[in-house]
Number of protein chains: 2
Amino acid sequence: MTSGSAQNETVGDLGEFPLISLITRNLALPPAVSVGPGDDCAVYLINGSALTTTDMLIEGVHFRRSWSSPAEIGHKCVAVNLADVEAMGGTPVAMVISLGLPSDLPVTWVKEFMTGVREEAELGGVALVGGDMTSARDITISVTVIGETGGRGPVLRSGARPDDVVAVRGRLGWAAAGLAALLRGFRSPRAAVDSQRAPQVPYGAGRQAAEAGASAMIDVSDGLLADLGHIAEASEVSIDLDSARFTVADPVHAVASALNADPLGFVLGGGEDHAMAATFAPGKVPDGWDVVGLVGHADEETGPVVLVDGAQWEGDKGWTHFRS
Amino acid sequence: MTSGSAQNETVGDLGEFPLISLITRNLALPPAVSVGPGDDCAVYLINGSALTTTDMLIEGVHFRRSWSSPAEIGHKCVAVNLADVEAMGGTPVAMVISLGLPSDLPVTWVKEFMTGVREEAELGGVALVGGDMTSARDITISVTVIGETGGRGPVLRSGARPDDVVAVRGRLGWAAAGLAALLRGFRSPRAAVDSQRAPQVPYGAGRQAAEAGASAMIDVSDGLLADLGHIAEASEVSIDLDSARFTVADPVHAVASALNADPLGFVLGGGEDHAMAATFAPGKVPDGWDVVGLVGHADEETGPVVLVDGAQWEGDKGWTHFRS
C-alpha cells in the first residue's frame, strides 16, 4: 500500500520543502561551484565575461503533457538555454530553474522531469545550482543559464560582413515537421516527433565556430530565415541562401510528403531545433558545418534582408507568440 | 481616437517583438555590461565569485491585480531577488526577467510594471540585461539576479557560532500585517499595506554586515523564526531571541489591535519584508542593526532550534506554498 500511495502522491501532498529536497538530492557540483542550492544565492567562478540567457516554458503554450514525457520537457527546457550560450561561442557554467507546479501534479511527474533536466545538463556540461518553486495553475518552467566566454570574446549577431559565407550545423526542420505531424494526430515519424519534444542541440558546435573565428552566430529557435534575419539586421547586411545547398533530412521529407507540403518550408521556416547558424570569412568554415549561403551588402532600398535564391521567400517564416 | 485605442491596446494586439522593444527602450547599461538585450545572451563582467538567485511570482499566488498596482508588482519582483544577493553580502550586477502574459492584458499594465522594475533596479543598483516573453493564462514573472562577491567571500547561512549575537536590520512584520489587513478588506494602515505590495529592502545592509564580518546572514522572506531556523540548521546551533528587544512598529501595532492579534506574531512569523538577519561576534554589530538574540550550542536532544525567551514559540511561524 505504501508504494501505491507514493505512486499517486501529488505535489500538494508532499509539500514545498520535501519536494525541493527531492529535486536537489545527490546533486553533483563541479569545482567552480562553491555553493549550490540551499543558501540565499549560489556561488561559483566565471572565467572571462559572464553570459546569461533565460527561457520560460508554459504548459499549453510550449508543451503538452499528452504530447511530451516529463523527461522530454526537462531535456527541452535546459537545451534551449544551453543553445543560446553555444550561440555566443561560450561555455555554460551554472543553471537555476524555477518551477510553478499545480498542487494536483503527481510527484512522479516532477521526478521524471528532473531526470531529463539532469541528463541534458550533463550532456551540455552545466551545473544546476539553485532555483525556486511555487504553486501555479499551469506547469511553468523558467530556466536561466550563466556561461563564460573563457579566453575569447563573445560571437555576436552583429559581426557578419559582406563576402562572409553562411553555414549551419545541426538539425533544421525536424521539430517543425514533428509538430505538423503531431497537430494532425500522427505520432510518427518518430525522429521528427522526438525532435519536437526535445531538440538535439549540436553541443560544442558553438565553441567550435568561435574558435574558427565565426564573425556572427545565432541558434535557430524561431526558424532559419527569421533568425538569420536577426543577424542581417544587427550586422546591416543582406543574406542570400542557396536552396540547392540544403540537405532535407528523411523524417522532414516523410512529413512533407504525407501533408503535401514543401519540405524546404520546414527547413527554412521551422524553429525549435536549435541548430547553430553562423557566418565565417571564406575558407574559415570548420568541419561539420554546411555552407548554405552568402553575406552581401544591404540593399539601400530594401535594407537588411534574407533572400532564398535571390528572392523573397513566400512560404512560412516561423511564428511569434500572441499572434499564433 | 488614437490615444483611446492605444489606451485599450492589449498585449495580443501589440505582438511579441514590439512589446520587447517597448520594454527594452532607453535601457541604461553600466560599463560592466558589454551586451544587453537583443543577442542570444547578455555579456558582462563579474568581480570575484558570481552569485545567482531566482524567484518566480505568479498572479493569484503571490499578488493580485486588484490589490497591487503594476508598478508595485514590478518593484516587488526585483526587490525579493536583490535581497538574496544582499543576504550573501554581495553586490548585484545583472538581471534577466521572463514574463508570461495573458493576451488580453493591457499594454499599459506592462509599461507600468516595467516602470516599477526599472525604479527598483536603480535603487538596488542592478542592470536589466535580458529576458524572455511568452503568453500565459496568469501573469507569470521570473527574475534572476547575478551578483558578485567583490573582494570578500560570501556570507553563508552556515557560519553562525555559539556566543555570536543575532541582529536584524529592516522592517519586520509590516508585510504580514498589511496582508492581514488586506485579507479583512481593509486598505489601511497604508504603510503596512504598501509593505505587503512592495517591500522596502534595506539596500546596502547586507554589504555593510559582510564588511563588519557577519558570520551568517539571511533575508527574511518566510518569517524571522523560519529564516533563522535555516541559519540554525545550516550552522548546527540554537538561537534564543529576546522578545523585549523587538521594537514593534506603529503600523504593525495598529493592525494587531484592529484584529485583536499579538503584534509579536507578525514580527516573528511574518515574511515578505526582506529585512536582513545576521549573526556577528559580540561587539562587531554595525550601526543601524538591532541585536535581538544570542546564538548557543544546539541541544543534543532538540537539535538546532530557534527559541523565544528560552521557549518554543507557539504562534504563527510563516507559511509554505502548497499547504497554505
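Which residue follows α6(A), and what is its phi?

Analyst: The residue that follows α6(A) is Gly185(A), and its phi is positive, near 90°. This is a predicted model, in which local features need pLDDT of at least 70 and side-chain atom pairs count only at pLDDT 80 or more, while totals for chains, interfaces and linings use all residues. Residues are numbered from 1 along each chain as its sequence is written, and chains are lettered from A and ligands numbered from 1 in the order in which they are written.

The helix itself, α6 of chain A, spans residues 174–183 (helices are DSSP runs of H or I with at least four residues, strands are runs of E with at least two, and both are numbered from the N terminus). Of its 10 residues, 8 are buried, and the helix is mostly covered (buried means 20 or more other C-beta atoms within 10 Å of the residue's own, exposed means 12 or fewer, and partly exposed lies in between, with C-beta atoms placed from the backbone). Among the buried residues of α6(A) are Trp174(A), Gly178(A) and Leu179(A). Their cover includes α7 (190–197), α10 (250–259) and α11 (263–269) of chain A.

Elsewhere in the model, 6 strands form an open sheet in the order β5(A)-β4(A)-β6(A)-β3(A)-β2(B)-β1(B), with mixed pairing (two strands pair if DSSP finds at least two bridges between them). Its edge strands, which each pair on one side only, are β5 (127–135) of chain A and β1 (33–35) of chain B. Within chain A, β4 (residues 91–101) and β6 (residues 140–148) are antiparallel neighbours joined by 9 bridges, and Ala94(A) stands opposite Ile146(A) of β6(A).

In chain B, β4 (residues 91–101) runs parallel to β5(B) and is joined to it by 8 bridges, with Met95(B) standing opposite Leu128(B). All 9 of the 9 residues of β5(B) are buried, so this strand is largely enclosed by the rest of the structure. Met95(B) and Met95(A) have the most contacts inside the largest nonpolar core, which has 217 residues (such a core is a set of buried Ala, Val, Leu, Ile, Met, Phe, Trp, Tyr and Cys residues joined through C-beta atoms within 7 Å). Beyond its neighbours within four places in sequence, Met95(A) is in contact with residues including Val78(A), Ala121(A), Leu128(A) and Val145(A) (contact means C-beta atoms, placed from the backbone, within 7 Å).

Where the chains meet, the contact takes 58 residues from chain B and 58 from chain A. On the chain B side, the largest share, 8 residues, comes from strand β3 (residues 50–58). That strand, β3(B), pairs in the antiparallel sense with β2 (residues 42–44) of chain A over 3 bridges, and Val43(A) has Leu51(B) as its bridge partner there.

Definitions and conventions. Two residues are in contact if their C-beta atoms, placed from the backbone, lie within 7 Å.
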